[in-house]
Amino acid sequence: MQSVIVSTNEAGQRLDKLLSKYLNLAGKSFLYKMMRKKNITLNGKKCDGSEKLSQGDEIKLFLSDETIEKFSQVKVPKVSKVKLSIIYEDENIILINKPAGMLSQKAKDSDESLVEYLIDYLLSKGELTTEQLKSFRPSVCNRLDRNTSGLVVGGKSLAGLQIMSEVFKDRSIHKYYQCVVKGHVAGRQMITGFLSKDEKTNQVTVRTSEFKDSVPISTEYVPIDYYGDFTLLRVTLITGRTHQIRAHLASIGHPIVGDYKYGDKRVNEEAKRLYKVQSQLLHSYQLVLPKLPEPLSYLSGKEFTAPLPPVYSAICREWRQE
């Protein structure tokens with residue numbers, strides 16, 4: 001027999017959901033059968049799995065240690081040691097300045113991503129244990145394209161993960177980007193259009209009028225600085241669609257420098273030669289949080305900014321020397 005005391009990170013979810021994490025190799029039919037037979041109890045009473053858990057609840061597993069071990073498998077990621085650029089951290093959330101070239105989440109089992117680096121970081125700090133990974137895995141609340149740099153929010157607690165994921169989903173959080181584009185862009189502008197995604201190629205198409213399977217998009221930009229045929233823009237995502245900024249700016253003749261999917265090949269090669277640009281110059285540089293519920297209310301209205309990658313400074317420095 002083993003006893004599980006529900007922790008803060010496990011509270012608030014259904015019993016059957018927690019059991020499916022704790023005994024992750026067991027089928028649901030097995031779990032429900034064990035509850036019916038009272039081989040799994042909640043606070044000393046029969047349960048059916050629909051109960052919502054509170055901190056301090058006791059789950060008893062009247063199963064042999066061999067059975068529990070058979071159905072429990074904790075996957076601890078073995079990844080390269082990567083020093084994370086941490087902008088802010090507390091007991092609930094962590095904000096990381098992700099470099100271009102790093103995946104936010106892995107696409108296949110062999111990948112290493114920011115999620116695995118975050119778990120490895122918390123394990124090495126002693127803020128997370130292998131035992132805790134049975135029922136809760138810290139993760140990221142938003143994603144950036146592999147070759148886009150900037151702010152990614154990670155949830156270190158269940159509350160942090162759930163609340164921050166929700167504000168990204170409902171778009172109540174304000175997201176601001178900076179990018180370098182081809183051409184001279186004059187004045188603030190709000191541009192609209194319609195976007196459709198090809199799932200097979202992971203590429204989007206943007207047009208000014210509605211077309212098959214398209215969704216409306218809105219993007220606002222403000223020029224910050226100029227040099228020759230380049231403009232540094234501050235971009236606000238009004239809607240948040242796959243590759244929206246990259247494809248939308250390209251559709252109006254101002255593709256992002258270094259973007260080999262939607263950009264200008266000649267401009268990209270020139271930027272690579274002059275400035276060693278290896279990926280699109282698009283950076284998620286600022287997040288402004290909305291009013292947040294407990295226990296994250298202390299973060300309401302906070303602003304977080306991630307410094308631009310060094311390549312931006314190199315380009316800007318040359319701009320000002322001309």
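Helices (H or I, at least four residues) and strands (E, at least two) are DSSP runs, numbered from the N terminus. This is a predicted model: local features need pLDDT of at least 70, side-chain atom pairs count only at pLDDT 80 or more, and totals for chains, interfaces and linings use all residues. Residues are numbered from 1 along each chain as its sequence is written, and side-chain values use heavy atoms, with hydrogens and water left out.

Q: What makes up the protein chain in helices and strands?
A: The protein chain has eight helices and 15 strands. Its C-alpha atoms fill a box of roughly 75 × 45 × 40 Å along the principal axes.

Q: Why is Gln-105 called partly exposed?
A: Buried means under 20% relative accessible area, exposed over 50%, and partly exposed in between (1.4 Å probe, protein chains only). Gln-105 has 32% relative accessibility, so it counts as partly exposed. Gln-105 sits in the loop between strand S6 (93-98) and helix H4 (114-125).

Q: How much of the protein chain counts as buried?
A: The share is 49% of the 322 residues.

Q: What makes S1 and S4 a pair?
A: Two strands pair if DSSP finds at least two bridges between them. Four bridges join S1 to strand S4 (residues 58-61), so the two strands qualify. They run antiparallel. Ser-3 stands opposite Lys-60 in S4.

Q: What is the strand order in the open sheet of four strands?
A: The order is S1-S4-S2-S3, with antiparallel pairing. Strand S1 (2-5) and strand S3 (45-46) are at the edges because each has a single partner strand.

Q: How do you know where the feature "domain: RNA-binding S4" lies?
A: UniProt, in an unreviewed entry, places it at residues 13-73. Such annotations may be inferred rather than shown by experiment; positions follow the numbering used here, and feature names are shortened. Over residues 13-73 the chain is 39% helix and 15% strand.
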